[in-house]
Amino acid sequence: MDIKVKKGRWLQEPADLLLVPVFEEKPFDAPLKAIDKLLKGKISEIFDSGEFKGKAKEVFVFHAPGGLKAKRLLLAGLGERKKFTLDLLRETFGKSAAAIRKLGVKRFSSPLIEGLSKKDKFRDMVQSMVEGAMLGLYEFNFYKTESEEERKEIEAWTLITDDGKKVSEAEKGVKIGRIISEGVSLARDLGNEPSNAATPSRLAEEAKTIGNEFPVRVTILERQDMEELKMGSFLGVARGSEEPPKFIILEYTPVKNAKPIALVGKSVTFDSGGISLKPAEKMEQMKGDMSGGAAVLSTIKVAAQLNLPVNLVGILPATENLPSGTAIKPGDILTSLSGKTIEVINTDAEGRLILADALTYVHRYKPEAIIDMATLTGAVVIALGGEAIGMLGTSDDLKERLKKAGEKTGERVWELPLWESYYPLIKSDVADMKNTGGRSAGTITAAVFLSKFIDDIPWVHLDIAGTAWFETDRSYIPKGNAGTGVRLLIQFLIDSLRR
Ligand code: BES
Ligand code: MN
Ligand code: ZN
């Protein structure tokens, strides 16, 4: 979709469809008042009939609104003005764009109205609109050879402002929104790709492509490199699979003499559970068990595209978790890169095993902070469902900043306690630790396990098992992989720069 900003009088512009976001309050806000006048009270009629009231996420389309030059008018409800948020704007544009595509409309326009919100910056609002529309239109259809009907696609969207001075600000918002949406779409693509395509090698290729296009240094450690390093915990998981494991490192360091922020993303390209095999039902969703890694990869790409002046190191420990004659077995003991020994109780608790070595490894960069992102536990799905990312960590400052970024992006995080009193649950009789702590507090014991591989560096763990994948459509997240975490991390980085 081509997105343009144009100076003009939106009421008078010809278009196949004009999308106008409106609040539910009466008397009408300025744009609606103008339209109502032009259409001789038709909008009042519609509101009075109750067919459309401007409630949040409501969408209403009608044809040939005499008086307007547009062929169709789409009213998109924003609900109550005092409850306005940027994420609601994203949701509104996500729903509207999907509706417009369904109609088969190829080109549409929308006015950039001043005063939608007093507290938000104009550029941020444009960015949110673009994100909502682009993310709402996302489709994963590389493998569809028999299209049921002709694929509908919106070709162009024109944002119209009557204030020429606003054009360049709006264009910046469009650009940022587009880069971020494309980053999220890349993460979604990788998560939606089946495991026979999105292998550890494919993730490594993806990283190399980023390295070729942007100032990002990419290093891939092969199995032999990891053996020399003694990454026994990661290699323990990789042992069950014939797909070569890859330890993918991306370094984006535009700032001289500054410590990096380290991002570590769980990249299990398929999690069968291993010898502790998962049930067949919904096992196919485990192709998305690399969503944390996909988010880290995309975040670094987006940061480089936006030229963010912040040093980043991203690590993706990538492997499959499969049962085989060479796979680890319950009771096996692994020696991690840190030297700590781990008794494997359940081979399906593989995420923490690969993260343990990645977290140890990333210390060599002396990072200012470490954030890891992982589809780590089913328990976080039980605790928070699809509404929040589970957050645990050692730094109140980091947690606070992630919370704020979560509110802004709609990728909300919710904290669980990381108390030392949970540690006895994962103490082993025969090794330093065991890799599961039983049924209770599953998300917490997993995080406590990870915490044992962190020295004195501020650290936060984000468990995205409940938010990486949706079985039904949301406003700007079509069902399937959600590309969760990219917008959260980018917002976190942008806000860190504004401090
Ligand atoms: N990848 C899974 C967690 C998961 C569950 C992700 C549901 C997405 C949706 C993880 O590797 C896993 O299997 N965790 C186990 C740990 C248990 C064996 C201690 C779990 O949560 O059941
Ligand atoms: Mn597992
Ligand atoms: Zn897993």
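**The largest pocket, then the manganese site**

Analyst: The lining of the largest pocket holds 16 polar, 12 nonpolar and 11 charged residues. Here Ala, Val, Leu, Ile, Met, Phe, Trp, Tyr, Cys and Pro are nonpolar, Asp, Glu, Lys and Arg are charged, and the others, including Gly, are polar. The model is predicted: local features need pLDDT of at least 70 and side-chain atom pairs 80 or more, while totals for chains, interfaces and linings use all residues. Residues count from 1 along each chain as written, chains are lettered from A and ligands numbered from 1 in written order, and side-chain values use heavy atoms, without hydrogens or water.

In total, 39 residues line this pocket, and K278, M286, T377, G378 and A379 lie nearest its centre. A pocket is an open set of 1 Å grid points, over protein atoms alone, where a 1.4 Å probe fits with protein on both sides within 12 Å along at least five of seven lines; lining residues have an atom within 4 Å of a point. Two or more lining residues come from each of α11 (378-384), α13 (442-451) and β19 (469-470). Helix α11 gives the most, with 4 residues. Helices are DSSP runs (H or I) of at least four residues, strands (E) of at least two, numbered from the N terminus.

Now the manganese ion (ligand 2). D271 (OD), D348 (O), D348 (OD) and E350 (OE) are its protein donors, 2.1 to 2.2 Å away. Donors are N, O and S atoms within 2.8 Å of the metal (3.2 Å for Na, K and Ca). Their residues are spaced D-x76-D-x1-E in sequence. D271 also bridges to the zinc ion (ligand 3), with the two ions 3.2 Å apart.
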